[in-house]
Amino acid sequence: MDEGPDLVTVEKPAPLERANSAWTRRQQAVSVRRAFKHYGSSQNPNHVLSNLNMTVAKGTIYGLLGASGCGKTTLLSCIVGRRRLNTGEIFVLGGKPGTKGSGVPGKRVGYMPQEIALYGEFSIKETMMYFGWIFGMETPEINDRLQFLLNFLDLPSQSRLVKNLSGGQQRRVSFAVALMHDPELLILDEPTVGVDPLLRQSIWNHLVQITKDGNKTVIITTHYIEEARQAHTIGLMRSGRLLAEESPQVLLSMYNCQSLEEVFLKLSRKQGQENSPQDANLTNNISLATLHWGKKEEPVYVTEESGVVGLNFHQSKEILIQDNTNGHYDRMNGVAVAQGSKDDSVQCDECSECCNLTTKGKTKALLQKNFLRMWRNVGVMLFIFALPVMQVILFCLAIGRDPTGLHLAIVNQEMDWSSRNCPVYNNCTFQYLSCRYINALRNDTIIKEYYETPESAINAVKVGDAWGAIYFTDNFTDALVARMALGRDSDDEILDQSEMRVWLDMSNQQIGLMLNRDLQVAYKNFAQKLLTACGNNPKLADIPIQFKEPIYGSNEPSFTDFVAPGVILTIVFFLAVALTSSALIIERMEGLLDRSWVAGVLPHEILFSHVICQFVVMCGQTALVLIFMILVFGVECKGDIFLVICLTILQGLCGMCFGFVISAVCELERNAIQLALGSFYPTLLLSGNANCAEVYLGLPAIDDGYHIVAVDAHQGLESPRDRRLPRLHLDHHMDCRLPHDIAPCTQVQAGLN
């Protein structure tokens with residue numbers, strides 16, 4: 001069986017005056033030359049395109065056929081400028097994709113990817129408005145075009161959300177997006193999948209109609225091989241190569257087959273059998289009639305610019321003419337074919353918008369897209385506005401308040417255990433001073449429980465029934481009075497009997513330190529009241545240090561006020577990270593980002609729209625957080641509120657930038673989430689949130705007296721990035737005793753005498 005015309009090798013004639021290659025390229029919608037594309041490392045590459053040459057004439061329908069994985073989608077991505085070849089050249093509509101003024105990517109191309117690549121939160125009308133604005137169309141023009149596409153593609157109501165449509169309806173909406181702006185080049189990747197036969201034929205009729213005048217070109221891929229008979233030219237692709245590039249009728253005639261599927265199988269077997277470079281070049285591209293198919297009275301040819309095999313059909317013979325120098329084919333009619341330099345640059349006439357950073361339509365479309373996606377996603381809205389409010393409420397309710405309901409085991413051998421009677425005297429009476437001290441303990445936080453022996457009280461702490469135990473000896477009052485009277489002459493027995501012994505459970509540092517503080521403050525109040533009742537100056541019970549009014553803050557600082565700036569900045573920073581780290585990844589994984597880029601949206605425009613959207617969100621979050629912190633829970637802000645707002649928003653912008661970095665380095669959403677969560681504590685610690693160089697809590701530490709530290713709450717709020725979430729760093733003792741070497745004790749003795 002004859003499998004094709006004979007190959008005739010003819011020496012190429014010497015170059016004569018040839019036409020400008022730029023003019024030749026303008027006669028072709030797409031020209032691909034010596035295309036190589038591979039993925040992976042250079043040591044073990046995965047070749048997707050191998051020395052591929054392809055020519056699509058203007059005003060034709062080009063059907064690209066091939067099995068899944070043969071490189072069709074990669075080739076189309078390179079044509080629209082989304083991917084770059086490793087080697088080779090591509091010219092689309094006379095220019096190289098991605099160059100200024102080429103219009104590709106941009107409004108000169110309509111692209112329907114294989115995936116749906118639509119925003120599910122949009123209605124059909126909003127989807128068309130989004131892409132129409134990106135393409136530079138006016139709103140009335142979009143509405144008119146929308147009505148035509150709704151009727152032509154039999155789409156449901158324009159108010160239906162895309163996510164609520166069936167799979168076939170979604171693909172039709174995707175097809176409508178590609179047709180919206182009536183582009184010069186229409187690239188459709190599997191447009192008829194899931195479409196009923198009647199509508200499929202209607203689509204093909206429309207494609208044939210729009211290409212009749214020669215101003216529109218269509219490249220279409222399909223799994224329905226037989227429906228490609230309606231294309232002017234088809235390219236049969238396998239393993240990154242074009243097995244043939246010809247009209248369906250000629251292929252059927254050349255290979256004496258009844259169906260295109262048989263042709264594809266025959267060419268596939270032939271490709272597997274051929275090993276010589278000459279045969280490989282031949283089977284790589286077999287082309288005919290790219291520009292003049294159907295005119296039998298004229299020779300059909302392909303120039304060198306087409307870069308594919310050319311067949312000269314005359315009434316008497318068929319000749320294949322091979323270019324021995326570079327593997328391309330030219331026609332020979334006695335005169336050499338015009339050939340221009342491949343380095344000639346193509347200057348596009350549409351460069352009026354080359355220097356514009358963006359357009360009003362693109363900005364409007366991108367901002368509406370970002371805000372609509374957030375507004376219609378309930379989970380995102382709760383995350384944006386409800387989560388920071390909830391975090392602030394939980395912080396203000398749970399942090400900075402003294403714990404309550406703390407059981408304290410008390411052993412007082414001065415009181416009558418049988419009657420549990422412990423008299424309290426408020427006058428200058430030196431009896432039952434242990435009962436007077438116990439009465440000075442705080443009742444709002446401490447629950448007093450009496451035990452008979454020190455062993456039973458300590459055991460209650462061990463089993464968790466109490467947070468601490470305190471023990472008074474049977475002659476505590478007499479020993480304490482003697483200690484104050486004798487002063488430096490007190491012996492060890494008097495000192496030992498006048499001390500109250502305390503055992504604390506320090507497994508919870510905050511509770512242990514608070515009990516430590518309350519026991520010492522209670523002793524100070526007890527001593528001051530006793531001195532006042534006896535007519536002495538209560539200041540004698542104080543240490544000889546006088547604390548004036550603090551420059552910032554107060555003598556009773558609030559831990560909540562101090563930590564609040566750090567909490568505000570942490571909330572705003574990591575919410576911004578969470579929102580931006582996944583936004584771009586989701587669009588990229590769903591094909592939405594690529595489709596917007598093919599439509600002509602530039603990376604800086606997408607980034608700018610996200611920055612504007614996030615800025616508005618951060619302003620709302622900052623307002624909510626500060627309102628709840630300052631107005632609802634009364635957190636003090638003695639600094640400039642405008643400065644606080646600016647610092648908060650700047651911190652949010654830092655989080656947004658960090659989120660964009662995460663979205664750039666991560667391919668999958670789960671990887672971005674893991675990186676964002678994993679960076680939480682390192683960022684928190686390295687940013688200075690856990691500064692343990694100072695003691696911030698204002699709690700007295702046990703040594704030989706009281707050490708009270710005033711907290712600078714204003715400075716913590718004014719410079720929140722320097723002091724956030726201070727770490728507790730206080731001295732504590734498991735067996736703490738009240739101070740015994742009080743400086744004014746000699747004065748107390750003189751007053752008592």
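Q: Fine. What stands opposite tyrosine 471 in β14?
A: Valine 411 does. Strand β12 (residues 406–412) and β14 pair in the parallel sense, over five bridges.

Q: And which residue is the bridge partner of tyrosine 471 in β15?
A: That's arginine 501. β14 pairs with strand β15 (residues 501–504) in the antiparallel sense, and there are four bridges.

Q: Before I go on, what kind of model is this?
A: A predicted model, where local features need pLDDT of at least 70, side-chain atom pairs count only at pLDDT 80 or more, and totals for chains, interfaces and linings use all residues. Residues are numbered from 1 along each chain as its sequence is written, and side-chain values use heavy atoms, with hydrogens and water left out.

Q: OK. How many residues of β14 are buried?
A: Five of the five in β14 (residues 468–472), where buried means under 20% relative accessible area, exposed over 50% and partly exposed in between, with a 1.4 Å probe and protein chains only. Gly468, Ile470 and Phe472 point one way, while Ala469 and Tyr471 point the other way.

Q: Switching to helices: why is α3 largely enclosed?
A: Because ten of the eleven residues of α3 (residues 124–134) are buried. Among them are Glu126, Met128, Phe131 and Trp133.

Q: What covers them?
A: The cover includes α4 (139–152), α5 (167–179), α10 (360–375) and α18 (592–598). After α3 comes glycine 136, with a positive phi near 85°.

Q: Which residues touch the most other members of the largest nonpolar core?
A: Phe175, Leu188, Leu207 and Leu236, out of 71 residues. α3 gives the largest share of this core, seven residues. A nonpolar core here is a set of buried Ala, Val, Leu, Ile, Met, Phe, Trp, Tyr and Cys residues joined through side-chain atoms within 4.5 Å.

Q: What is leucine 236 in contact with?
A: Leaving aside neighbours within four places in sequence, the contacts (heavy atoms within 4.5 Å) of leucine 236 include Leu65, Leu243, Val263 and Phe264.

Q: Last one: how many helices and strands are in the protein?
A: 24 helices and 15 strands. Buried residues make up 49% of the 753 residues.

Definitions and conventions
Helix = DSSP H or I, 4+ residues; strand = E, 2+ residues; numbered from the N terminus. Pairing = 2+ DSSP bridges.
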